[in-house]
Amino acid sequence: MPVEITWWGHATCTVTDSNVRVLTDPLFAMRLAHLRRRRGALPPPDAWQADVALVSHLHADHLHVPSLARLAPGTRLLVPRGAPRAVPGLRRLTHLRLSEVAPGDQIRVGDLVMRVVPARHDGRRLPLGPHRSPALGYVVEGEARTYFAGDTGLFDEMAKEVGPVDVALLPVGGWGPYLGEGHLDAGRAAEALARLAPRSAVPVHYGTYWPIGMDAVRPHEFHTPGDEFVRLAAAHAPQVAVYRLAHGESIRLGVSR
């Protein structure tokens, strides 16, 4: 059975594996605070349909309460441990089946297992609040093992913590002209790809949102990370098939282990 991956923009993807729909970091907004969606139409209502939604960390462009509110009643929602305390709006989402998770946890949904792995990223709900929750990645294990990295920097134990994977959804940029510590740009993502050695990869988290009024500030950081990742991945991990998707585009991958 093929595994289908759709990239809706930023870190939002649908992974369909074993007839289970997994939605990552749902963000269905034209504007978020100082950010404006500059590329790709808003995901259609079909994108809101999922059996389980995964939230990697508490930043508002990854844990967006209004987008989560659109999910259908009964949808399973996995969030970093401590998230409801740090983001009280989560407590109003009583139509969802919310579970708090941390690295090492495994959650079964249908024929899939969501394995929670560490990420190297500031997981706080910014800019306020003393409460901290871990930034997470997830490995979706079914017909394939699909790694959703969320937001992360490179770290020495990455390959060991993530384990063998078939597909990697890797962030290759961000929403502003500068990437701070705890992020992957195209070059660092290509190095991560070499360490993880999946069969396939899809670059995400670039070319969707940009600060209002900053169109002329380092515009290459908005436009080029996807193509740059394709180029650098070919040099660092030539054995990996890289698929640079357009917003709303899907890829079906046949996986046989």
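Let's start with strand β10, where both faces are covered: L112, M114, V116 and P118 on one side, and V113, R115 and V117 on the other, are all buried. By buried I mean under 20% relative accessible area, with exposed over 50% and partly exposed in between, using a 1.4 Å probe and protein chains only. Strand β10 spans residues 112-118, and seven of its seven residues are buried.

A quick word on the source: this is a predicted model, where local features need pLDDT of at least 70, side-chain atom pairs count only at pLDDT 80 or more, and totals for chains, interfaces and linings use all residues. Residues are numbered from 1 along each chain as its sequence is written, and side-chain values use heavy atoms, leaving out hydrogens and water.

Helices (H or I, at least four residues) and strands (E, at least two) are DSSP runs, numbered from the N terminus. Two strands pair if DSSP finds at least two bridges between them.

So who are the neighbours? β9 pairs with β10 in the antiparallel sense over four bridges, with I107 opposite M114. Two residues sit between these strands in the hairpin, and G110 takes a positive phi near 60 degrees there. β10 also pairs antiparallel with β11, over six bridges, and V117 has G137 as its bridge partner. Moving on, β11 (136-141) runs antiparallel to β12 (145-148), joined by four bridges, and V139 stands opposite Y147.

Zooming out, seven strands form an open, mixed sheet, in the order β9-β10-β11-β12-β13-β14-β16. β9 (106-109) and β16 (241-242) each have a single partner strand, so one side of each is left without a neighbour in the sheet.
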